[in-house]
Every structure is written in structure tokens, then in C-alpha cells.
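Work through the exercises below with the model open. Each task is followed by a stepwise solution.

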Amino acid sequence: MPKLSQQQLITLVLLTLTWGVNWPVMKLGVQDFPPLTFRAICMVLSLPVMAAALAAMKVPFRVPREHWGRVLLLGLVNMVLWHSLIIVAVPMLSSGRAAILGYTMPIFSAMLGAWIWGDRLAPRAWLGVGAAACGVMLLLWNEFDKLGGRPTGVALMLIGASTWALGTQLLRRATLPVPTLTLAFWMTVETTIALGALSVVFEHGRWQAPPAFTVGAIAFNALLVIGFAQVAWFYLARSLPPLASTLSVMMIPVLGVFSGAIWLNEQLHWQDWASVALMMVAIASVLWPAQADAAEKKAAP
């Protein structure tokens, strides 16, 4: 298990806060506004932010032609499917429970890594996966009856989580000679085009001027969630092993549950509090430095 650098740790904390509180923000944003259109507008507005960052940091926009297909595939599984599926599912579920279902991703990621790529997980890595799974189940404890009446929303969230898990594994293993910010920019362009087309096909009859709180939610998502946090996630996913990068963000659904309770009056239960402890175990399993590993490094010639 790697030890996070100061930059990675700061990035992780800011990412967790941004994505955690965004679940109730999204719920409010699509309450009276077409969800695909909401997400498409967020994507469009995030592109100038990313482009300005690329220009200011003198990061090249160019992707070599031979890597276009790989970038399109990574964009499909990391962003297009995830953003399309979850934004349609959010209106069907409470914001906290949508966050929980979405963050079954680390569990899918660990399973895919072991089954497809033959990853050998240390015992405490399996402990982290098990703690995350138990935390998710506890948070859903009081929602099974309600979720049973919303099978479409549940299915969309779980499919989205599994595709994102696959995307994280592929992104970590991709050997593209392309800066992370450049990769994020072009994957966002791909997602913008896809969501724009879907909103035209399925929602053009519902288009309207967004209410004030939707405008605020769009701004929050465009600037922070996509313009910053999405890029931050790609940075972590490319610089850390898949299990470490995925389990390290397990506080996001916990923040989603508690921020939804505060802002949207979604009821909390004892299971919510117990899950916090389990999520902390999951995070510690990948972020807590291993003394044995440190001893081996000291003993190495």
C-alpha cells in the first residue's frame, strides 16, 4: 500500500469534500429540470475552465492520432456511461442512497482487478473491501423497501458504478503518453457531445429556463465537480494503484448521506453512524503506512 504524498493527500481531501456534498446539490439541481440537460450544461461550462488551465500551465492539447481510440474508450467507461446513468437515477432516489449505490464502485473495482487482471490483494486490502461492502449494506439497511419500488434507479446506479470501476482499472493500466489534464479535457469533450445528443433526443420537449437553485447547482458542478474534482480523480487514479485510489474515496458516500440529511431533511439511522466507522476502516486499510513494508525498505541494500 503506497504512502500518499502531501499533494495527493490534499487532492484527496478536496475531492472528497467536493464530490460528497454534490449529491444533495445534484438532487436539488434536477428536481425541476431535465437531468441529462442539466449534466450537459455542466459539461459545456466546465470546458473553458479546463482549457484555461491547460493554457495557463502550458499543457499541450494534442493527443497523438494513434491514441485516439484508446482515449475514446477511456472516456466512454470513465465518464460518458457514469455521468449519463447516475444523473438519470438521482431523481429516482434519495441523494444519500444514490451516493451509496454509486460508491459500490470500489467493490466492483477490487473484484474486476482480481478476476480479470489477477491482482493479488493483501489481507488488509480484503479487509478494506469487506469493510466498505458492510458499510454500504448498513447504509442501505433502512432503504431496501423503498429501493424495491425504484428498481430502475438502483439498476442505473449499479451499472454506472461497475462501468466506472472498469474505467478506473483501464485508466490506471493505460500507458498513454498524454498528460492527465489533456486526457481529462478530451474525455470531457466526448462526454459533452454524448450528453448533448441524449438531451436533444430524450428531453428537448422539457427544456425550460432553469430556476435559481438549478443555476447554482450547474455552477457548482461545472467549476468544482467537473472542472476540478474530475481532473483530481484522474490524477489520483493514474498515480495510485486501483484499490488505493478507489477505497481512499469511501468517505464520499458518508458525506453524501449526512449532507442530504442536513439540506434535504433525509432521515438518519444508527446504521448511518456505524457505517462511518466501517468506511474509516476501509480508508485506513489502503492509506495507513505498513510498518512491515517500511522495515523491508530499510533492510534492502
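Predicted model: local features only at pLDDT ≥ 70, side-chain atom pairs only at ≥ 80, totals over all residues.

**Exercise 1.** Describe the largest pocket by volume, centre, source elements and residue class.

*Solution.* Take the volume to begin with. The largest pocket has about 350 Å³. Its lining comprises 18 residues, and those closest to the centre are Met57, Leu181, Val231, Ala232 and Tyr235. At least two lining residues come from each of helix H1 (6–29), helix H2 (35–56), helix H9 (180–203) and helix H10 (212–239). H10 supplies the largest share, six residues. Close with the classes. There are 14 nonpolar and four polar residues in this lining, and no charged ones.

**Exercise 2.** Which residues make the nonpolar surface patch of about 670 Å², and which element gives the largest share of the patch?

*Solution.* List the members: Leu9, Ile10, Val13, Leu14, Leu17, Leu223, Leu224 and Phe228. Assign them to elements. H1 and H10 are the elements that give two or more residues to the patch. The largest share is five residues, and H1 provides it.

**Exercise 3.** Is Val13 buried, partly exposed or exposed?

*Solution.* Locate the residue: Val13 sits in helix H1. Read its relative accessibility, which is 44%. Apply the cut-offs. Buried means under 20%, and exposed means over 50%. Val13 therefore counts as partly exposed, because its 44% falls in between. Check it against the patch. Patch residues need over 30% relative accessible area, and Val13 is one of the patch members.

**Exercise 4.** How many helices and strands does the chain have, and what percentage of its residues is buried?

*Solution.* Count the elements. The chain has 14 helices and zero strands. Write the order from the N terminus: α-α-α-α-α-α-α-α-α-α-α-α-α-α. Then take the burial figure. Of the 301 residues in the chain, 53% are buried.

Definitions and conventions:
Residues numbered from 1 in each chain as written. Heavy atoms only, no water. 1 Å grid on protein atoms, 1.4 Å probe; cavity = no way out; pocket = protein on both sides within 12 Å on 5 of 7 lines; lining within 4 Å. Points joined across faces, edges and corners; volume = space filled by probe spheres on them. Helix = DSSP H or I, 4+ residues; strand = E, 2+ residues; numbered from the N terminus. Nonpolar A, V, L, I, M, F, W, Y, C, P; charged D, E, K, R; others polar. Patch = residues over 30% accessible without salt bridge, like charges linked within 9 Å, V, L, I, M, F, W, Y side chains within 5 Å. Areas by Shrake-Rupley, 256 points an atom, 1.4 Å probe, with all protein chains shown as cover. Salt bridge = Lys/Arg side-chain N within 4 Å of Asp/Glu carboxyl O. Buried < 20%, exposed > 50% of the residue type's maximum accessible area, 1.4 Å probe, protein only.
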